[in-house]
Amino acid sequence: MVVSLKGRDLLCLQDYTPEEIWTILETAKMLKIWQKIGKPHRLLEGKTLAMIFQKPSTRTRVSFEVAMAHLGGHALYLNAQDLQLRRGETIADTARVLSRYVDAIMARVYDHKDVEDLAKYASVPVINGLSDFSHPCQALADYMTIWEKKGTIKGVKVVYVGDGNNVAHSLMIAGTKLGADVVVATPEGYEPDEKVIKWAEQNAAESGGSFELLHDPVKAVKDADVIYTDVWASMGQEAEAEERRKIFRPFQVNKDLVKHAKPDYMFMHCLPAHRGEEVTDDVIDSPNSVVWDEAENRLHAQKAVLALLLGGVKTGF
């Protein structure tokens, strides 16, 4: 099947079909191989990516900058102070102006509406580098890693333990579209968005996967192939951090919890990790941990997104 993603935005993976997600993963796999063997892949020669950062990030900035460099293009870093988003020029006007200068826009924002507004008014592809609702680039790297390590995604039991946040949303959406058995375990009151739960259930019915929401982490991780967690208080939730630490303590991924998973389970985390809070050192540094491979795959997955959305490749490999 020929799948063209040229000119598309990437705001939320619910907007993409399973075939389109697989096209990205297959392209990422090929580009990773090319990089490892030293094969040039300057597919975006002369192209420029504007990177808008309301929230700082090590992985997002470095991976997108390196991705554009490998693809022969250029990445331009713009922080919120440079742009004065919503405090000076409107997002609509910012999108219109940037569209005259660059070939794509990546934005890492607080409010998901900001990235939606950028996409509405931009005439070039807009990529969600993170919002309070969705983190699609992370989920692509996550499922690329699972595919590499497990040889498949369909039927793999992926268990997310912690806050029902943006990372959980994208993990749920992508996993259920690709036929995984996704389980989310959160404290009462910290469940994922109801809309995303409905999407996950619908996706699973169509793909042959499954989705389950629980409030018992021990029950959730039973026979898990993958255990995934994230920080308990995201950027912008600092005022809630102490309260969240108390509420989430029973959801810590530690040696006692992972005993209930399969012996060859994989531990995953989008990073940065708050060691001693959501995960203990003996788990994140264990042989079961794939967090560094997962972090590396942000580069390859995003390289595939850029190449496909900007027209550097016409289809998956």
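Visitor: Is Tyr265 buried or exposed?
Guide: Tyr265 is buried, because its relative accessible area is 6%. Buried means under 20% relative accessible area, exposed over 50%, and partly exposed in between, with a 1.4 Å probe and protein chains only. Please note that this is a predicted model, in which local features need pLDDT of at least 70, side-chain atom pairs count only at pLDDT 80 or more, and totals for chains, interfaces and linings use all residues. Residues are numbered from 1 along each chain as its sequence is written, and side-chain values use heavy atoms, with hydrogens and water left out.

Visitor: Where is Tyr265 found, and what is it in contact with?
Guide: Tyr265 is in the loop between helix 11 (255-258) and strand 9 (266-269). Helices (H or I, at least four residues) and strands (E, at least two) are DSSP runs, numbered from the N terminus. Leaving aside neighbours within four places in sequence, Tyr265 is in contact with Ala224, Asp225, Ile227, Val258, Val283, Ser286 and Asn288; contact means heavy atoms within 4.5 Å. The C-alpha atoms of Tyr265 and Asp223 are separated by 8.3 Å, and these two residues are 42 residues apart along the chain.

Visitor: Now the sheets. What is the order of the 5 strands in their open sheet?
Guide: The order is 7-6-5-8-9, and the pairing is parallel. Two strands pair if DSSP finds at least two bridges between them. Strand 7 and strand 9 are the edge strands, and each pairs on one side only. Neighbouring strands of this sheet are turned by 20 degrees against each other on average, direction ignored. Axes here are lines fitted to C-alpha atoms, for helices over the stretch in contact, and angles run from 0 to 180 degrees between N-to-C directions.

Visitor: Why is strand 6 described as largely enclosed?
Guide: Of the 5 residues of strand 6 (residues 181-185), 4 are buried, so the strand is largely enclosed by the rest of the structure. Strand 5 (residues 157-161) runs parallel to strand 6, and 5 bridges join them. Between these two strands the chain passes through helix 7 (residues 166-177), and this β-α-β crossover is right-handed. A crossover is right-handed if, with the strands pointing away from the viewer, the path from the first strand over the helix to the second runs clockwise.

Visitor: And what about strand 7?
Guide: Strand 7 (residues 210-214) pairs with strand 6 in the parallel sense over 5 bridges. Val183 has Glu212 in strand 7 as its bridge partner. Together, strand 6, helix 8 (residues 194-207) and strand 7 make a right-handed β-α-β unit.

Visitor: Which residues stand opposite Val161?
Guide: Val161 stands opposite Ala185 in strand 6 and opposite Thr229 in strand 8. Helix 7 packs on the sheet and touches strand 5, strand 6, strand 7 and strand 8; its direction makes about 160 degrees with that of strand 6.

Visitor: Which residues does the "binding site" annotation cover?
Guide: The UniProt annotation covers Asn166, Asp230, Ser234 and Met235. UniProt positions are given in the numbering used here, feature names are shortened, and annotations may be inferred rather than shown by experiment. Asn166 is found in helix 7 and is buried, with a relative accessible area of 7%. Beyond its neighbours within four places in sequence, Asn166 is in contact with residues including Leu130 and His135. Ser234 lies in the loop between strand 8 (226-229) and helix 10 (241-248), and Ser234 counts as buried at 17% relative accessibility.

Visitor: You mentioned Leu130. What is its phi?
Guide: Leu130 has a positive phi of about 160 degrees although it is not a glycine. Leu130 is found in strand 4 and counts as buried at 8% relative accessibility.

Visitor: One last topic: which residues does the cis peptide bond join?
Guide: The cis peptide bond joins Leu271 and Pro272, with omega at about 0 degrees. Leu271 lies in the loop between strand 9 and helix 12 (281-284). The phi of Leu271 is near 65 degrees, a positive value in a residue other than glycine.
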